[in-house]
Amino acid sequence: MQFVDNNFVPEGIKIDRLDVFVFRCPAIPPIQTSFGTMHDRPAVLVRVKDEHGTEGWGEIWCNFPTVGAEHRARLTLAYGRPLIEGKTWLRPEDAWHEMYSRLQVLMLQTGESGPLHQMMAGIDTAIWDLFARRAELPLWQYLGGAPGSDKVRVYASGINPTQPELLAVARQEEGFRDFKLKVGFGLERDLENLSRMRQALSAEARLMVDANQAWSLGEAQKAGDVLSAFDLLWLEEPLRANAPIDHWLALAKTLPMPLAGGENLDSQERFQAFIDSGAMSVIQPDVGKWGGITGCLQVARSAVRSGRWYCPHWLGAGIGLAASMHLKAAVGGPGYVEIDANANPLREMLARPGFQVTDGCVWLGTAPGLGVVPDLQAARRFRVTSAPIKDD
């Protein structure tokens with residue numbers, strides 16, 4: 001698919017104001033991964049507003065560390081707001097490139113490349129949402145998606161290693177058809193959980209697993225051999241994201257299932273290296289963690305051109321989920337968008353109207369921009385007040 005340059009606004013759009021909102025709600029049950037447990041569900045939203053009062057919304061990834069949401073909000077107010085507010089942008093991607101250029105030294109000086117990239121990603125998404133709303137187009141179409149291409153395949157993810165079959169069956173009854181289990185808790189437990197899920201779900205259900213960077217190369221080879229008996233659609237993050245590509249390639253050549261990853265890659269060059277090598281068959285950038293719409297769109301198009309699956313990663317609240325779906329609809333190709341199978345009030349409260357899953361798919365419709373807005377009033381009891389930022 002070729003890029004459709006329909007985001008150019010001759011007079012530009014001036015950002016009059018940028019605001020940040022922080023929320024936390026309990027995680028019931030806690031979210032278990034091979035490297036840590038989430039006991040609450042945080043969310044950091046970015047709102048940009050133009051001179052006409054039109055709003056755009058974005059979301060910043062903030063699941064870890066436990067104090068990460070408040071920190072990212074303060075970074076956004078201290079360093080993102082001065083770069084965006086009061087300025088006119090001809091294209092939404094111009095803002096991302098300006099932030100990237102201006103913040104490089106700060107990233108080196110502070111060692112906080114990740115949080116600053118995540119801040120940029122949330123701001124970028126909000127600006128794209130604003131431009132699409134001003135154009136009166138759904139974001140997926142504004143990004144170049146063909147009319148009528150708003151159908152997105154989804155799967156239920158984040159399924160914990162404690163009685164996973166119960167949650168999987170509940171989500172199957174709600175319309176999901178594909179499911180991803182957390183692994184990396186010992187092969188005996190992982191195998192038992194996969195067996196329970198396979199027995200509980202219909203024969204047509206497809207299963208994936210996510211190790212969250214739990215294994216060494218040798219451990220991943222052993223685990224992959226054993227887990228392959230379940231005809232997995234993919235094995236996600238069996239190795240650390242910074243492991244040499246040669247290790248990923250060696251694993252890919254020895255295992256019968258495709259490898260997936262990308263949520264913890266943090267540069268266009270690193271993504272392209274994995275795409276070109278074929279070490280990952282499933283490419284999974286996170287729109288709130290690196291690149292926003294601008295960066296993830298480039299990665300997604302490159303992945304599809306190279307015959308890889310583009311399957312955006314997301315495990316946050318509703319704005320980032322909406323952005324992930326619009327990206328997938330715009331780019332097309334095989335693959336899925338993940339929807340966290342666990343309860344999260346912020347996913348529903350902070351993106352209304354909600355999504356309906358029917359036979360494993362979601363239809364986005366034609367509402368302008370992301371097509372959803374946060375219900376700040378409904379979520380007010382979960383809002384966290386951050387200390388004000390003083391100008392230098």
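Valine 209 stands opposite leucine 235 in strand 8. This is a predicted model, in which local features need pLDDT of at least 70, side-chain atom pairs count only at pLDDT 80 or more, and totals for chains, interfaces and linings use all residues. Residues are numbered from 1 along each chain as its sequence is written, and side-chain values use heavy atoms, with hydrogens and water left out.

Let's stay with that pairing. Strand 7 and strand 8 (residues 235-236) run parallel and are joined by two bridges; strands pair if DSSP finds at least two bridges between them. Helices (H or I, at least four residues) and strands (E, at least two) are DSSP runs, numbered from the N terminus. Between strand 7 and strand 8 the chain passes through helix 7 (residues 217-227) in a right-handed β-α-β crossover, meaning that, with the strands pointing away from the viewer, the path from the first strand over the helix to the second runs clockwise.

Now look at strand 6 (residues 178-182), which pairs with strand 7 in the parallel sense over five bridges. Here aspartate 178 stands opposite arginine 206 in strand 7. The β-α-β crossover from strand 6 to strand 7 goes through helix 6 (residues 187-200) and is right-handed.

How many residues of strand 7 (residues 206-210) are buried? Four of its five are, where buried means under 20% relative accessible area (1.4 Å probe, protein chains only).

Elsewhere, strand 2 (residues 37-50) gives the largest share of the lining of the largest cavity, five residues. Among the lining residues of the largest cavity are Arg24, Asp40 and Phe64.

Note on methods
Buried means under 20% relative accessible area, exposed over 50%, partly exposed in between (1.4 Å probe, protein chains only). On a 1 Å grid over the protein atoms alone, a cavity is a set of points where a 1.4 Å probe fits but cannot get out, and a pocket is an open set with protein on both sides within 12 Å along at least five of seven lines; lining residues have an atom within 4 Å of a point.
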